[in-house]
Amino acid sequence: MGKSTATRRSATHKPATKRRRFRNDDLVAVDLFSGFGGLTHGIEMAGFTTIMAANHNPYKVEVHEANHPQAEHWIADLVDPGAADYHSARDLPAADLLVAGVSSYLVQAGETAGQPLGCVSFK
């Protein structure tokens, strides 16, 4: 058997393109597993300002960035501590609200464990 030649990637950070100016009383949020930004849109409708969004999929981050240019964006693995682009909760900016959509990693794990497609089982 041949050795795996997969290249390890490092986290990519895309800083906010617009300058942020928050008053002290603004409610700020961080969105993990942000996908295309539907949950981000909802929390912004609730009065929060999203300061950072993260996802492992570069295409989803690109779309999220187009829809929410004021936020800082991370292309990073938030699940596997052994990954080269892993970031822990210690790396996140301080926020009033931390939101997280369902990770595609968890959905895939459910599918391989015999769960119906799209269902996640937390045991």
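Predicted model: local features only at pLDDT ≥ 70, side-chain atom pairs only at ≥ 80, totals over all residues.

Biologist: OK, and which residues of α2 are buried?

Modeller: Val61, His64 and Glu65, within a helix that covers residues 58-67. Looking down the axis of α2, those buried residues fall within an arc of 100 degrees, so they line one face of the helix.

Biologist: What does asparagine 57 do at the start of α2?

Modeller: One of its side-chain oxygens comes to within 2.9 Å of the backbone nitrogen of tyrosine 59.

Biologist: How far is asparagine 57 from aspartate 77, C-alpha to C-alpha?

Modeller: 8.8 Å, with the two residues 20 apart along the chain.

Biologist: And where is aspartate 77 found?

Modeller: In the loop between β4 (72-75) and β5 (97-100).

Biologist: Why does aspartate 77 count as buried?

Modeller: Because its relative accessibility is 6%, and the cut-off for buried is under 20%.

Biologist: What lies 2.9 Å from a polar atom of the aspartate 77 side chain?

Modeller: The backbone nitrogen of aspartate 80.

Biologist: Switching topic: which residues make up the largest nonpolar core?

Modeller: There are 10 residues in all: Val28, Val30, Leu32, Ile51, Met52, Ala54, Trp74, Ala76, Leu78 and Leu92.

Biologist: Which elements give two or more residues to this core?

Modeller: Those are β2 (27-32) and β3 (48-55). As background, nonpolar side chains tend to be buried together in soluble globular proteins.

Conventions:
Residues numbered from 1 in each chain as written. Heavy atoms only, no water. Core = buried A, V, L, I, M, F, W, Y, C linked by side-chain atoms within 4.5 Å. Buried < 20%, exposed > 50% of the residue type's maximum accessible area, 1.4 Å probe, protein only. Helix = DSSP H or I, 4+ residues; strand = E, 2+ residues; numbered from the N terminus. Polar contact = N/O pair within 3.5 Å; in protein donor to acceptor, adjacent residues only side chain to side chain. Arc of directions from axis to C-beta.
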